[in-house]
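This note sets out a colleague's reading of the structure shown here.

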Amino acid sequence: MSAATTRSRTPDRQCAEAVDLARAAAEEAAAPGVVGEHVELVSEGDRVVTHFFQCMELGYRGWRWAVTVARASRAKIVTVDEAVLLPGPDALLAPEWVPWSERLRPGDMGPGDLLPTDAEDLRLEPGWSGEDEPVADSAVSEELAELAEAEDAEVTAGPPATLLPPSRGSISAIADELGMGRARVLSRYGLHTAADRWEEAHGPKTPMAQAAPAACVSCGFLVRVGGSLGQAFGVCANEFSPADGRVVSLAYGCGGHSEAAVMPRPPQPAPPVIDETRVDPFPLRPASDSGSVPVTEDPSTAELGHS
C-alpha cells in the first residue's frame with residue numbers, strides 16, 4: 001500500500017473537526033430542525049472529509065445529509081465543498097422505475113387516454129391495405145416514424161388530416177368493404193394470447209362452467225364471432241348471465257342456458273295421515289247382519305235402535 005493511499009484513508013484533523021461548519025451548511029441547504037445528529041465522517045481523499053447527519057424530515061427515513069468539506073494544501077481554513085441528501089444503508093427508497101408500457105394493466109385507460117402501439121408489437125403483423133405503402137396513421141409508416149423522431153408531433157382530436165377516403169371502385173375501396181383495408185392485423189401470437197386470456201376468464205375450467213347444466217355452444221343466447229376465433233368463442237347476449245356482453249368460450253356455461261330455463265313442476269304434498277277433508281257416512285239403522293239386533297221376518301215390526 002502506498003503512502004498516498006494511507007494518507008487518503010486517514011481523515012484530515014481540521015476537516016474532521018469542522019462538524020459545526022458542516023451542520024450549518026446542511027441546515028442552510030435544508031431547513032432548521034430537519035438536520036439531526038452527526039452520524040459519522042468518511043475520508044474522501046487528502047484533506048477531503050464528508051460528514052453525515054441524520055435527516056429528520058418525514059418521508060425520508062434512513063436518509064442522511066452529506067456535507068463534504070475540504071482544505072487546501074498548507075491552508076488552515078476549511079471550506080464547504082457540497083451538501084446533498086443521500087440515502088443511507090437502511091433508507092426508505094422508491095421502487096425501481098418501470099416504463100409505462102410495462103405498468104399498464106387492463107382497465108387503466110380512461111376517456112381521452114391514448115395508447116400508442118409499438119411498430120414491432122408481436123401481437124400484430126402487416127395486413128393488406130390494397131396499396132404498396134401503409135396508411136399514414138399506421139405505426140409502421142415512414143411519415144409517423146419521422147414525426148416521432150422529431151419529438152414535436154402534436155396529437156389533435158379527430159382523424160389525421162392526411163387520411164382521405166379511397167376513390168369509389170378502386171382496390172382500396174373494395175378492400176375496405178371486405179374488411180381488409182388495414183395496415184396491420186392480429187398475428188398468430190396475438191390470436192393465441194387473446195384466446196388464452198378469454199379462456200381463463202370465461203372458459204370450461206371456471207367454477208361457473210363446472211356447475212352449468214350445459215355448454216354455451218348449444219345456448220340460444222350465444223352470438224358467434226367472425227374469423228378464426230369464431231371456432232372457439234362467441235359473445236353472450238343473455239342479460240341475466242354473469243357473462244353478458246363478454247367473449248365466452250363455446251365450452252363455457254352458466255345457469256342462464258336457454259334450454260335449461262324450464263320451470264319446475266309445483267311440489268306435490270304428501271298424503272295426510274288423517275284425512276279431514278273426507279266425509280264418512282253413518283246410517284241411521286244398523287245393518288241387519290251386524291249382530292246388533294235380532295233378525296226378524298217382518299222389517300216393519302223391528303224396533304229402532306239397539307236392543
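1. The model is predicted, and the remarks here should be read accordingly. The chain holds 8 helices and 9 strands. Of its 307 residues, 22% count as buried. Its accessible surface comes to about 23300 Å², and carbon and sulfur atoms account for 56% of that area. When contacts between residues at least 6 apart in sequence are considered, 51% of them join residues at least 24 apart.

2. Buried means under 20% relative accessible area. By that criterion 6 of the 8 residues of β2 are buried, so the strand is largely enclosed by the rest of the structure. The antiparallel pairing of β1 with β2 comprises 7 bridges, and β2 (residues 48-55) also pairs with β3 (residues 63-71) in the antiparallel sense over 7 bridges. F52 of β2 stands opposite E40, and F52 also stands opposite A66 in β3. The bridge partner of F53 in β3 is W65.

3. In general, most residues other than glycine have a negative phi. R47, in the loop between β1 and β2, has instead a positive phi near 60°. The hairpin of β1 and β2 to which R47 belongs has 2 residues between the strands. R74, found in the loop between β3 and β4, likewise is not a glycine and has a positive phi of about 65°.

4. How exposed is each of these arginines, R47 and R74? R47 is partly exposed, with a relative accessible area of 29%. R74 counts as exposed, at 84% relative accessibility. The cut-off that matters here is 50%, over which a residue counts as exposed.

5. A further open sheet has 3 strands in the order β7-β8-β9, with antiparallel pairing. Strands β7 (222-224) and β9 (247-249) stand at its edges; since each has a single partner strand, one side of each is left without a neighbour in the sheet. The twist from one strand to the next averages 50°. Between β8 and β9 the antiparallel pairing extends over 3 bridges, and V235 stands opposite V247 in β9.

6. The loop between β8 and β9 contains N238. Is N238 buried or exposed? N238 has a relative accessible area of 8% and is therefore buried. With neighbours within four places in sequence left aside, N238 is in contact with F221, D244 and G256.

7. At 1.5 Å a residue, its 14 residues (188-201) should span 20 Å, and the end C-alpha atoms are 20 Å apart, which agrees. The buried residues of α7 are G190, A194 and A195. Seen down the helix axis, these buried residues fall within an arc of 130°, so they line one face of the helix. R188, D196 and E200 are exposed on the other side of α7.

8. What do the buried residues of α7 pack against? Their partners are β6 (184-186) and β8 (233-236).

Technical notes. Residues are numbered from 1 along each chain as its sequence is written. This is a predicted model: local features need pLDDT of at least 70, side-chain atom pairs count only at pLDDT 80 or more; totals for chains, interfaces and linings use all residues. Side-chain values use heavy atoms; hydrogens and water are left out. Helices (H or I, at least four residues) and strands (E, at least two) are DSSP runs, numbered from the N terminus. The expected span of a helix is 1.5 Å times one less than its number of residues. Buried means under 20% relative accessible area, exposed over 50%, partly exposed in between (1.4 Å probe, protein chains only). The arc is that of the directions from the helix axis to the C-beta atoms. Contact means heavy atoms within 4.5 Å. Two strands pair if DSSP finds at least two bridges between them. Axes are lines fitted to C-alpha atoms, for helices over the stretch in contact, and angles run from 0 to 180 degrees between N-to-C directions. Accessible areas come from the Shrake-Rupley method with a 1.4 Å probe; for residues, only the protein chains shown count as cover.
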